[in-house]
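Welcome to the tour! Open your viewer, switch to a cartoon view, and get ready to select residues by number as we go.

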Amino acid sequence: MELIVEDAVTVTMAEGAARPARCVLVRDGRIAAVGEPGEIRAAASPGAAVVRLDGATIIPGLIDAHCHVANIGYLAAGADCSQPSAPGIPAIQARLREAAGQTPEGSWVTGSGYVEYNLREGRHPTRAELDEAVPNRPAVLYHTSLHACVLNTAALREAGFEDGQPDPPGGAFGRDGQGRLDGVVYEAPMFALLERNLRHDLGRMGAGQRARLVAGAGRYLAELGVTAACDADLRRDTYGAFAEADAGGVLSQRIYGLVVHDEVDWLVASGLRGRRSDRLAAEAVKIWSDGGMSSRTAAINGTYPVPPYGSGILYFERAELTGMVRDFDARGFQICIHAQGDRAIETVLDAYAAVLAGGGAAANPRRHRIEHGGAMYPPLISRAAELGIVVVSQPGFMSTLGDGFAEAFPDRGDQLYPFASWRRAGITAAGSSDAPVITADPLVGVRDAVLRRTAKGRVLGPDERVSARDALALYTRGAAFAMHREGEIGSLEPGKLADFAVLDANPLETDAERIGGIRVLATVIGGTPVYQSEPIFPA
Ligand SMILES: [Zn+2]
């Protein structure tokens with residue numbers, strides 16, 4: 001059970017490591033040593049296998065500190081309506097029509113991934129346009145943010161939404177010129193629909209099909225070098241799917257579950273809190289405090305100059321959120337709160353201040369987190385640093401969604417997702433994708449953290465760019481810390497788990513423009529290859 005990896009450029013990301021090492025010794029799924037050929041050969045047993053990498057780069061396994069692993073697998077089975085692959089509404093209609101033919105009766109025809117401002121038409125599709133594609137049965141088209149969707153008429157009917165009905169609590173309906181529902185549904189009712197559909201569809205699948213869904217998401221992540229991920233809305237049914245996959249040996253990544261707050265009692269009562277295995281754990285609680293940035297529903301001070309206008313949606317008032325934070329903190333949970341707009345972030349910091357005395361990271365032992373932190377302006381950054389809050393955010397939004405941010409925040413676009421300011425303030429930040437919101441590719445995130453360049457070529461916040469090393473640290477050390485795993489993963493050091501990715505170039509020495517194009521040659525978890533583009537390691 002020993003493996004010597006030679007002739008590699010090993011970027012360990014260990015603190016203080018000055019230059020890459022050339023060799024790694026793996027023993028029983030862990031890193032036994034990192035160093036030069038002579039010392040590694042001397043440390044290895046006589047029968048150790050040897051793999052030569054011919055100068056390829058090894059980095060610690062990439063960690064996605066906030067994505068939706070189960071949703072990646074679930075939505076991948078429906079129509080891909082993302083841009084640029086579906087450039088306009090007719091293309092979306094064609095894909096939904098095609099998906100209808102493959103969707104079992106009783107399930108909703110599902111598409112996902114569109115961004116209205118990236119569509120040729122520059123707007124959301126309407127219910128009538130969905131009706132043209134799928135006339136006789138419910139169809140849903142999820143916005144890539146998963147904070148909005150469009151329903152056709154049959155879906156509106158089945159969901160119980162009618163013309164003339166007021167906006168539901170925590171949400172809003174899009175309406176046409178006559179005040180009729182145009183099919184667009186924002187926030188809370190959208191979440192409820194996604195959850196209901198996911199639960200319904202998972203429930204009618206057999207265990208084998210559910211395991212394939214999880215394995216499919218795992219394969220996708222493994223091809224991107226991802227070895228661990230936080231699932232940012234774990235519920236009992238998705239937990240069940242992961243547990244089945246884990247038992248069947250097909251759960252690739254180490255999954256750290258953020259359990260949705262209203263399912264925590266279920267988690268505790270079922271005895272599933274904590275680590276189920278080295279692959280599946282549920283130790284944190286997820287709360288949403290506001291809407292999304294690309295759906296323009298994040299709760300801000302002020303008003304959006306773009307549809308749907310308004311000031312966004314805040315899910316909990318200060319007192320209620322504080323009560324929840326107190327409760328979960330007292331029960332020993334790490335708390336992870338989605339907060340995008342400045343008004344939401346302020347409310348969340350107030351709630352955290354009820355359980356954190358201040359004094360930086362050491363004074364936040366449970367590592368309570370803010371997820372996203374989009375409009376965290378300077379005074380909020382100082383407060384977050386003082387409270388020791390961990391920020392889990394998404395540099396990769398820049399190239400995909402950045403132009404929309406610039407429109408929605410004409411005066412403060414440069415201050416959004418302020419990675420360099422977080423760093424200067426001493427905040428631990430972790431990198432993540434929020435996939436399936438955008439691609440889960442961490443190297444795209446690394447590139448975007450360095451360049452902050454939007455699709456149209458605008459650099460959004462040049463002062464918030466970070467170095468390639470700091471960008472990579474977001475997806476390694478920072479992310480490991482955000483999930484209480486820095487003793488096991490996040491850097492390549494003796495004693496840690498042998499989770500690593502083999503790349504065809506060193507991202508720290510590659511021109512930033514080209515980082516997103518670096519190829520993952522292999523992904524290894526616990527010493528075992530879970531993905532190889534060509535045979536490198538003995539299986
Ligand atoms: Zn998310």
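Below are the stops, with what to select at each one.

**Before you start**

This is a predicted model, in which local features need pLDDT of at least 70 and side-chain atom pairs count only at pLDDT 80 or more, while totals for chains, interfaces and linings use all residues. Residues are numbered from 1 along each chain as its sequence is written, and side-chain values use heavy atoms, with hydrogens and water left out.

**Stop 1: the zinc ion**

Select the zinc ion, then His-66, His-68 and Asp-434. These are its protein donors, through NE2, NE2 and OD, lying 2.1 Å from the ion. Donors here are N, O and S atoms within 2.8 Å of the metal (3.2 Å for Na, K and Ca); water is not among the atoms, so sites may look incomplete. Along the sequence the donor spacing reads H-x1-H-x365-D. Now follow the chain: His-68 is in the loop between strand 7 (62–67) and helix 2 (69–76), while Asp-434 is in the loop between strand 21 (429–431) and helix 15 (442–451), 366 residues apart. Helices (H or I, at least four residues) and strands (E, at least two) are DSSP runs, numbered from the N terminus.

Are His-68 and Asp-434 buried or exposed? Both are buried, where buried means under 20% relative accessible area, exposed over 50%, and partly exposed in between (1.4 Å probe, protein chains only).

**Stop 2**

Select strand 22, residues 500–503. Phe-500 and Val-502 point one way, Ala-501 and Leu-503 the other, and all are buried. In a regular strand the side chains alternate between the two faces of the sheet.

Look for Pro-60 opposite Phe-500 and for Thr-57 with its bridge partner Leu-503. Strand 23 (residues 520–525) also runs antiparallel to strand 22, joined by 4 bridges, and Thr-523 is the bridge partner of Ala-501.

Zoom out to find the open sheet in the order 2-6-22-23-24, with mixed pairing. Strand 2 (9–10) and strand 24 (528–532) are at the edges with a single partner strand each, so one side of each has no neighbour in the sheet.

**Stop 3: a sheet of 6 strands**

Another open sheet has the order 8-9-10-11-13-12, again with mixed pairing. Select strand 8 and strand 9 (residues 109–114), which pair in the parallel sense over 2 bridges; Ala-79 has Gly-111 as its bridge partner. Then show helix 6 (residues 188–204), which packs on the sheet. Its direction makes about 85° with that of strand 13 (181–187) (axes are lines fitted to C-alpha atoms, for helices over the stretch in contact, and angles run from 0 to 180 degrees between N-to-C directions).

**Stop 4: the largest nonpolar core**

Which residues touch the most other members of the largest nonpolar core? Of its 129 residues, they are Leu-151, Phe-242, Ile-287, Tyr-352, Ile-370, Met-376 and Phe-409. Such a core is a set of buried Ala, Val, Leu, Ile, Met, Phe, Trp, Tyr and Cys residues joined through side-chain atoms within 4.5 Å.

**Stop 5: Gln-340**

Finish at Gln-340, in the loop between strand 18 (334–339) and helix 11 (342–353). Gln-340 counts as buried because its relative accessibility is 3%.

Methods
Pairing = 2+ DSSP bridges. Contact = heavy atoms within 4.5 Å.
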